[in-house]
Structures are given as structure tokens and as C-alpha cells.
Amino acid sequence: MKLNEHFSALSESYLFATVAQKSAAYAAAHPDKKVIKLSIGDVTLPLAPAVISAMHEAVEEMGRKETFRGYPPYEGYDFLRESIAKYYADRGVDVPVSDIFVSDGAKSDCGNLPELFGEDNVVLVPDPVYPVYVDTNLMAGRKIVYAAATKENGFLPMPDESVKADIIYICSPNNPTGAAYTKEQLQKWVDYANEREAVILYDAAYECFVQDGAARSIYEANGAEKCAIEMCSFSKTAGFTGTRCGYTVVPSALVRGGVRLRDMWFRRQSTKFNGVSYIVQRGAAAVFTEEGMKQINENLAYYRENARLIADCMDKCGIFYTGGKNSPYIWLKCPGGMKSWEFFDYLLNEIQVVGTPGSGFGENGEGFFRLTAFGDRENTKEACERLYGLLKK
Ligand code: PLP
């Protein structure tokens, strides 16, 4: 028996698992203290009423012989795929229904899409970024090169002509920095990928947070359908973190080595994935109704206000930060030259506020820290008061 030796290249534990372990250990040792978590990017508001009533109806259908459904289609039900295509069309982006694949979330697709590519491809990943892109490619033994996202480039690295890359991950708006590319900047990435026959894996999980005219889809750039796959999710848009639903666009026009990647992805999904439940897909489709959109926008406004509170607190403390406008995350520079985990321990021990150490997102994240706006309002306010008490100049 030979195990997958590439696992030895991974860090011992997944970033958010370590954060959870450390804060749980602290809470167990100090039962009298209230720990406030502004760490993992999980939502706190319940599902929208329109989603709930659509799911109730679907449950009823599942309980009647005439309307019962068995295995769903591998690519998702047409009613949901059509709603997703319309969601794109309303923003002036043309995505054919046949190129849309419904999934159980963007994390699975981020992790599974690299199966379409050979192991000796070079993967380009921004640093810092959502750790799944790196870990999933390390597990497959691929070589990874990094595009530095720094304060100097506004946390938005641009293509480097001297770098050879076959698979390019882009996360915009970015987790953790909140930086979002404009259409013009994405055009440069698309041109770079098309010139090299590379493929872009574009993670748009936070597209609904864009407020300042930044791009919400890679397909806003010309020629993107020839080089880019886009992953998206209902998790952050509509609070589906526990319900599980996302979608990925694999354009029919994306061809490498004479093969359509859409067909490969269909082959992969129909072999290894049995679809998303009817009930969940009905709930997801309700997000796109007029009522659903209104309700989820109210929830997004609530999280934006949390972000504003945290940003204000950083302003008052004189701490450099970015994000919070096109994303639900505040990305801040640890004060006093502290390292990320040092600052994590400092906040946990002194004021029982848990955040996510920036170094867990990549080397360039060292010395930075991420706070999430997905918390409950009262807790966010209390955390801000505690932060101000500790960090004010
Ligand atoms: N992509 C990014 C950039 C994320 O930050 C997250 C979750 O935090 C995901 C994907 C996962 O999304 P899902 O819940 O749809 O799996």
C-alpha cells in the first residue's frame, strides 16, 4: 500500500480548523469569558422567507407520488439553470443555460475542477488567497507559483509576461483582502491566458458584494468564454453555507487540445456526483425571484453595515486596513509589527475576539489579519468596542 505522498506537502491542519481548535481550547479553559468569533466566513442571518417557502413547497412535492423526484439531473434542474442564466443576462453577461452546472458549493468545484488537467501543469495562485486552491493542487502534486498581492499593487496582482502558468486561479472580490478587479484588469488576465492557452479558474463567490463598479463576472471581459471557468455560490449571496448550493460555468467555447472542457466536466460530474437535492435547488431558484432578491439584499445590507462598523473602528484606532466595501472582510495590518498568529493570540487572550491570521492565506498575508462582517450585529458592535479599548492609539 502506497499512500498519496503529496499530502506531506500540506500544512498539518486546514487554517480554519486550527482557528476553531484554538478558540475552543481557550473557551474551555475560561468558561466565564464570552468569546466573539469574527473569524470563519460563515453567515449568521437565517435563510430568506422566499427560500424557506419554496423549500417547504418542494418538501410537500417530494411527499406526493405524482410530484416525487428521484435523482436530479447531473447538471442541475433547468428551472434553476435558467434562473442563473437570467441573473447573468440581467447584468449584460451572456451565459448559455447548457454551460451552467449546479453543484453543492464552490468549495467542491474549486477542489474538483483541477481533475480536468494533467498533473504537470503549473498553477498560478494569488498570495494571499482562499487556501483551498493551494491545498487541492498540492494534494495532486502540482507545481504552484504565486502572484504576490501586496499593499503596493492594491492586492491585485496583474499578469507577469515572464511567468509560465497553465492553470490560473483568480478570486475576485478576493478572500481575504476584499480587492476586486475591474473589467479592464480582467481583460489583461483573459488576454494573457488566451495567448498561452492557459485556463483561468475564476472564483466569484463574493460577486454580490461588489458595489463600486468592479467586475462581477470574468465573462464581462472579451474572449473569457475561450479561457475561463467561473465558480459561484449561494453561500454568501443567500446564506446557503449550511444548505449547500453553488454553480459553475464551463463554456462550450473553452477548448484545449481539441477537447471541450464542458464535455469533460459533464463526464466527471456524471461519474462522481449525483447532483443537488430538488428541495435545495427549489430554494436556490427562489433567490432569483423579485421577492427573494429583495430579501437577500436586505441581508447583504446588514452585513455591509457590520463591515462599516469594523472599518470605522479601524479608522479610529489608526490601523491600516482594506476590504469591507466589495467584500464582507476587513483585511488589516497587525499593529506594532506583530505577526499574524501573535496578534491572534493577543486578541484572544486580552479581549476574547477571534479573527483569522493573514499568514494562513499565504506568505504575503504574514503580519495581516482578517475580520469578518458576517457576524451578528450585537456581537460585532461589542467586538468593535473591545478592539477600540485595546488598540486605540
Ligand atoms: N470560494 C471562496 C473564495 C470562499 O471564501 C468560500 C468560502 O468561504 C468558498 C469558495 C466556499 O463556498 P461554498 O460554501 O459554496 O462551498
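Author: Pro 176 sits in the loop between E5 and H6. The model is predicted. A cis peptide bond links Asn 175 to Pro 176, with omega about 20°. Pro 173 belongs to the loop between strand E5 (167–171) and helix H6 (183–196) as well. The bond from Ser 172 to Pro 173 is also cis, and its omega is near -5°. Most peptide bonds are trans.

Asn 175 leads on to the ligand. Asn 175 is among the closest residues there, along with Asp 203, Tyr 206, Ser 233 and Ser 235. In total, 14 residues surround the ligand. They divide into six nonpolar, four polar and four charged.

A polar side-chain atom of Ser 233 is 2.6 Å from a ligand oxygen. The backbone contributes too. A polar backbone atom of Ala 106 lies 2.7 Å from an oxygen atom of the ligand. For Lys 107, a backbone N or O atom is 2.9 Å from a ligand oxygen. The ligand taken alone exposes 400 Å², and the protein buries 92% of that. Helix H4 (106–112) and helix H7 (234–238) each give two or more residues to the shell.

Arg 244 is not a glycine, yet its phi is positive, about 75°. Arg 244 is partly exposed, at 31% relative accessible area. Phe 155 has a positive phi too, about 60°. Its place is the loop between strand E4 (143–148) and E5. Phe 155 counts as buried because its relative accessible area is 5%, under the 20% cut-off.

Conventions:
Residues are numbered from 1 along each chain as its sequence is written. This is a predicted model: local features need pLDDT of at least 70, side-chain atom pairs count only at pLDDT 80 or more; totals for chains, interfaces and linings use all residues. Side-chain values use heavy atoms; hydrogens and water are left out. A residue is near a molecule or strand if one of its heavy atoms lies within 4 Å of it. A polar contact is a pair of N or O atoms within 3.5 Å; within protein, one must be able to donate a hydrogen and the other to accept it, and residues adjacent in sequence count only if both atoms are side-chain atoms. Accessible areas come from the Shrake-Rupley method with a 1.4 Å probe; for residues, only the protein chains shown count as cover. Helices (H or I, at least four residues) and strands (E, at least two) are DSSP runs, numbered from the N terminus. Ala, Val, Leu, Ile, Met, Phe, Trp, Tyr, Cys and Pro count as nonpolar, Asp, Glu, Lys and Arg as charged, and the others, Gly among them, as polar. Buried means under 20% relative accessible area, exposed over 50%, partly exposed in between (1.4 Å probe, protein chains only).
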